[in-house]
Amino acid sequence: MRTGKRGLTTAAVTVVCAVTVLAAPGTAFADPNPTPSRTSTPTAPPAASTKDLEAVRKKLDKLYRAAASATEEYNAAEEKARKQSAEIVELAKKIVKGQEKLDRLQDRAGAAARSQYRTGGLPDEAKLMLSDDPEEFLDGTGRVLQGQRATKGLIGELTRTQQDLKTYAADAEAQWKKLEANRKAKAAAQKKVEKQIAAAEELESELEKEEKERLERLEREAAAKAQTAWLGSGILKDLKGGATEQGRKAVEYATAQIGKPYQWGAEGPKSYDCSGLTSQAWASAGRALPRTSQAQWKQLRHVDVTEMRPGDLIIYFDDASHVGMYVGDGKMVHAPRPGRSVTIAGAGSMPILGVVRPDA
């Protein structure tokens, strides 16, 4: 961003094995003694084995986790760009006001210069020394001192206003560069998300209907196994905290979104990604949260899992790329991944990194 008019105008500114195990028929040879009445029946491809589908499940999980990480990168860049745009607008307003103030000061300085010219160019001090009247001399002394102070004040104010304008312009230039960098980061993250989701969708598209159903069962079984192990640790009997009024409101909002589709980068009201759901749920309770799961993990107060209460946020995976909201009874509500909807799941159905508390 440049200073002057350009500054003002600019401111107003994301395979494992191919699962369709299409039977690879062996090499065919012509029958040396063909029987005219014999007809060949196409052999249907055999269904994928449980082992093959488990490999697919793990591959899909990896792809969607990569997409989730890229989604949070996108969300972070989007949030930064939003803040930087707002800062540029505020700086532009300051530049406009500063320029208006400078114009007024320059008018005052010009008026003073014209007045001096009309009086013959003699400064007030010289006129005072030429006065023969003692009373006029004393009155004039006060006027001279007052005039000197006013002139110094005017010059000082002009200098400060000019310096302020330079500072505002430099700040706006720096924010503009950051904004451009974040736009590029957002575009790169978007490509990552789309690439990972496209790969996952292609992999799923190769499955037959029956295989997709079996795959969903495997996903549920894996989640249930993890949840059972988590509950088996005795964690639930240690969870005694009740929800605060704000926490209750956040839970009510989040659970009211059950059934709405996951959409990366979405903050509602028709669809959500994981951190879009948690941030909007708490916004409905009067608490502004960071937009991404990583920022929620970094900026909110950490609490021990055994102290978890409804409304707290559970951060998952080592890279804090997923978040859900605890609703009580060992369960949480979350927006899982593309192709799924907001749902209730076991709080321990994924690897827990930690728990954060938005309210006091």
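Let me begin with a definition: a residue counts as buried under 20% relative accessible area, as exposed over 50%, and as partly exposed in between. Glu 180 has a relative accessibility of 30%, so Glu 180 is partly exposed. Please keep in mind that this is a predicted model.

I will start with charged pairs. Side chains of opposite charge can pair when their charged atoms come close. How many salt bridges does the structure hold? There are 18 salt bridges.

Glu 180 takes part in one of them: its partner is Arg 183, and the closest N and O atoms are 2.7 Å apart. Both residues belong to helix H4, which covers residues 134-205, and they sit 3 residues apart, about one turn of the helix. Arg 183 has 36% relative accessibility, so Arg 183 also falls in the partly exposed class.

The next pair is in helix H5, residues 209-232. Here Glu 210 and Arg 214 are 4 residues apart, again about one turn of the helix. They form a salt bridge with 3.6 Å between the closest N and O atoms.

Asp 359 is buried, because its relative accessibility is 7%. Arg 309 is buried too, with a relative accessible area of 13%. Salt bridges with shared partners also join Glu 78, Arg 82, Glu 267, Asp 273 and Arg 291 into one network.

Back to H5 for a moment. Its 24 residues, at 1.5 Å a residue, should span 34 Å, and the end C-alpha atoms are 34 Å apart, so the two values agree. Buried residues in H5 include Glu 211, Leu 215, Leu 218 and Trp 230. After the helix comes Gly 234, which has a positive phi, near 85 degrees.

Where is it? Ser 321 lies in the loop between S2 and strand S3 (322-328). With 1% relative accessibility, Ser 321 counts as buried. Its side chain makes a polar contact of 2.8 Å with the side chain of Asp 319. Beyond its neighbours within four places in sequence, Ser 321 is in contact with several residues, among them Arg 65, Glu 72, Cys 274 and Tyr 316.

Last, the nonpolar residues. In soluble globular proteins, nonpolar side chains tend to be buried together. Which members of the largest nonpolar core touch the most other members? Of its 29 residues, they are Trp 282, Leu 313 and Met 325. The elements giving two or more residues to this core are helix H2 (50-118), H4, helix H7 (245-256), helix H8 (274-284), S2 and S3. H8 gives the most, with 4 residues.

Setting aside neighbours within four places in sequence, Trp 282 is in contact with Leu 313, Met 325 and Asp 359, among others. A second, separate core has 13 residues, including Ile 235, Val 303, Met 332 and Ala 347.

Note on methods:
Residues numbered from 1 in each chain as written. Predicted model: local features only at pLDDT ≥ 70, side-chain atom pairs only at ≥ 80, totals over all residues. Heavy atoms only, no water. Salt bridge = Lys/Arg side-chain N within 4 Å of Asp/Glu carboxyl O. Buried < 20%, exposed > 50% of the residue type's maximum accessible area, 1.4 Å probe, protein only. Expected span 1.5 Å × (residues − 1). Polar contact = N/O pair within 3.5 Å; in protein donor to acceptor, adjacent residues only side chain to side chain. Contact = heavy atoms within 4.5 Å. Core = buried A, V, L, I, M, F, W, Y, C linked by side-chain atoms within 4.5 Å.
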